[in-house]
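Welcome to this set of exercises. Keep the sequence and the 3D view open, try each task yourself, and then read the solution step by step.

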Amino acid sequence: MPVTGRINRRPWREHIDFYEAAELMRHLGTAALIICLYLTGMRPQEVQAMRSGCCPDPGPDEDATPRRHLIRSRHFKNVINDDGHPVSAGEDREIPWVAITPVVHAIRVLERMVAQDELLLSAAHHDFQHGRGHHGALKKSTLNRRIEDFVVWVNQKAEAHGLPEQVVPADPHGAIRMSRFRRTLAWHIARRPGGLIALAIQYGHMRTVLDARTSSGYGSRSRRGIHSVLDVETALAAADTAARLRDRIAAGEKISGPAAHRALTAAAQTPRFEGRIVPKTFAKKAAKFLAQDGVVLFDNPDALLICAFKRDNALCEPDLGATAPRQYDCRPGCGNAIRTDTHARLLRERADEIDKLAAHTPEPIGKRLRTNADQLRATADAHDAAAQTAEALA
Ligand code: SF4
């Protein structure tokens, strides 16, 4: 079979040795596991319980619009029997999880490794080399070890392909374990709305999917599970944004934008979180805090602005009842946007970077890049012309 996989546009290797196949399959299984953990919000035990066939292709609806893939599987947390004892086998989750495209691909890869209706991480199939005949899914400790091995392998590949920036750095908080992905997903959704394009779309889309509480069955699940994790991260991110805005105002920076008054009020009212120890009760407080329409601040490092989110003003068309904007679809001219002098400086720096890129880019893309840079400078100029101090705005 020809090698088709590519890293940085080059074939990822020239050939696969027969004796390497098992190890590569192990890493492929781990990669699929990571994608499922990272992009569904499922708990580790829930991912371990997924079976082949759990995510069928849904086909189009009556209007021929493609429907979302759904994962039907078991959940375990808070599952108790009539006597109030936890049920270790869990139960089928009433509301399915939504699977976005990379997750569907990962599940399809795992389905090719195991038999129909078998656990996707079945020990018998994924540990066939050792022939230990274990039943059930691979254990958590085994999967954690596989993630560590996968990181080592990825780093070797990154070095071999001359891509040191792709190396997974050593983590000061210790090895990457299964339980960390869920929280990290929430962190990215709350704080990196405008990272790399692919990630921005992925995480932005995930918020829409996970946040569709009113438009999908997720709404009936109150705010438990991933929603409360998301709420906590979003509230902490909003508090950090408010604190940063206060610091900038205190340093004498000016503010512009239609929501400047509201943003000042929000910055003054939002408490500062000095630490990261989050008690269980915080989830409810976070949800209440986010429900205040118009006074919660969302940093948007991609659009270089702060969004003082008021649903009725929002041009990014958030869902009915949404408590956060669709920042990955932020539109110019929105009544919720504000900018500080720092934003104006960063806009100009970005414009200079784009101009440099344009100088080495053929037409007509180069021309488009220069137009983009000019627009960023015009936005910075508009800020300078309209910006006022906090005292003048008060
Ligand atoms: S369009 Fe408006 S509401 Fe939406 S993210 Fe941008 S500033 Fe916020």
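Rings of Phe, Tyr and Trp (its six-membered ring) form a pair if their centres lie within 6.5 Å; planes under 30 degrees apart count as stacked, over 60 as edge-to-face and the rest as tilted. The structure holds 5 aromatic pairs.

Before you start, note that this is a predicted model, in which local features need pLDDT of at least 70, side-chain atom pairs count only at pLDDT 80 or more, and totals for chains, interfaces and linings use all residues. Residues are numbered from 1 along each chain as its sequence is written, and side-chain values use heavy atoms, with hydrogens and water left out.

**Exercise 1. Classify the pair of Trp12 and Trp153, and find which parts of the chain the pair ties together.**

Step 1: A pair of aromatic rings is described by the distance of the centres and the angle of the planes. For Trp12 and Trp153, the centres are 6.3 Å apart and the angle between the planes is 70°, an edge-to-face pair.

Step 2: Locate both residues. Helices (H or I, at least four residues) and strands (E, at least two) are DSSP runs, numbered from the N terminus. Trp12 lies in the loop between strand 2 (10–11) and helix 1 (21–40), while Trp153 belongs to helix 5 (residues 140–160), so the pair ties together parts that are 141 residues apart in sequence.

Step 3: Look at the surroundings. Trp12, Phe150 and Trp153 form one aromatic cluster. Arg13 lies over the face of Trp12, 4.8 Å from the ring centre; a charge sits over a ring if NZ of Lys or CZ of Arg is within 6 Å of the ring centre and within 35 degrees of the ring normal.

**Exercise 2. Which residues surround the ligand, and how many of them are nonpolar, polar and charged?**

Step 1: A residue is near a molecule if one of its heavy atoms lies within 4 Å of it. The ligand is surrounded by Cys307, Phe309, Ala314, Leu315, Cys316, Pro325, Gln327, Cys330, Arg331, Cys334 and Asn336.

Step 2: Sort them by class. Ala, Val, Leu, Ile, Met, Phe, Trp, Tyr, Cys and Pro count as nonpolar, Asp, Glu, Lys and Arg as charged, and the others, Gly among them, as polar. The shell has 8 nonpolar, 2 polar and 1 charged residues.

**Exercise 3. Find the buried and exposed faces of helix 3 and helix 10.**

Step 1: In helix 3 (residues 101–111), Val103, Val104, Ala106, Ile107, Leu110 and Glu111 are buried. They cover an arc of only 160° around the axis, which puts them on the same side of helix 3; the arc is that of the directions from the helix axis to the C-beta atoms.

Step 2: Recall a general rule. An α-helix has 3.6 residues a turn, so residues three or four places apart point the same way.

Step 3: Turned away from the buried side of helix 3 is a face with the exposed residues Thr101 and His105. The cover over its buried residues includes helix 1, strand 3 (69–71), strand 6 (97–99) and helix 4 (123–126), where contact means heavy atoms within 4.5 Å.

Step 4: In helix 10 (residues 282–290), the buried residues are Phe282, Ala283, Ala286, Ala287, Phe289 and Leu290. These too span an arc of only 160°, which places them on the same side of helix 10. Exposed Lys284, Lys285 and Lys288 are on the face turned away.

**Exercise 4. Where does Glu317 lie, and what is its phi?**

Step 1: Glu317 is in the loop between strand 9 and strand 10.

Step 2: Its phi is near 55°, a positive value in a residue other than glycine. With 53% relative accessibility, Glu317 counts as exposed.

Note on methods:
Buried < 20%, exposed > 50% of the residue type's maximum accessible area, 1.4 Å probe, protein only.
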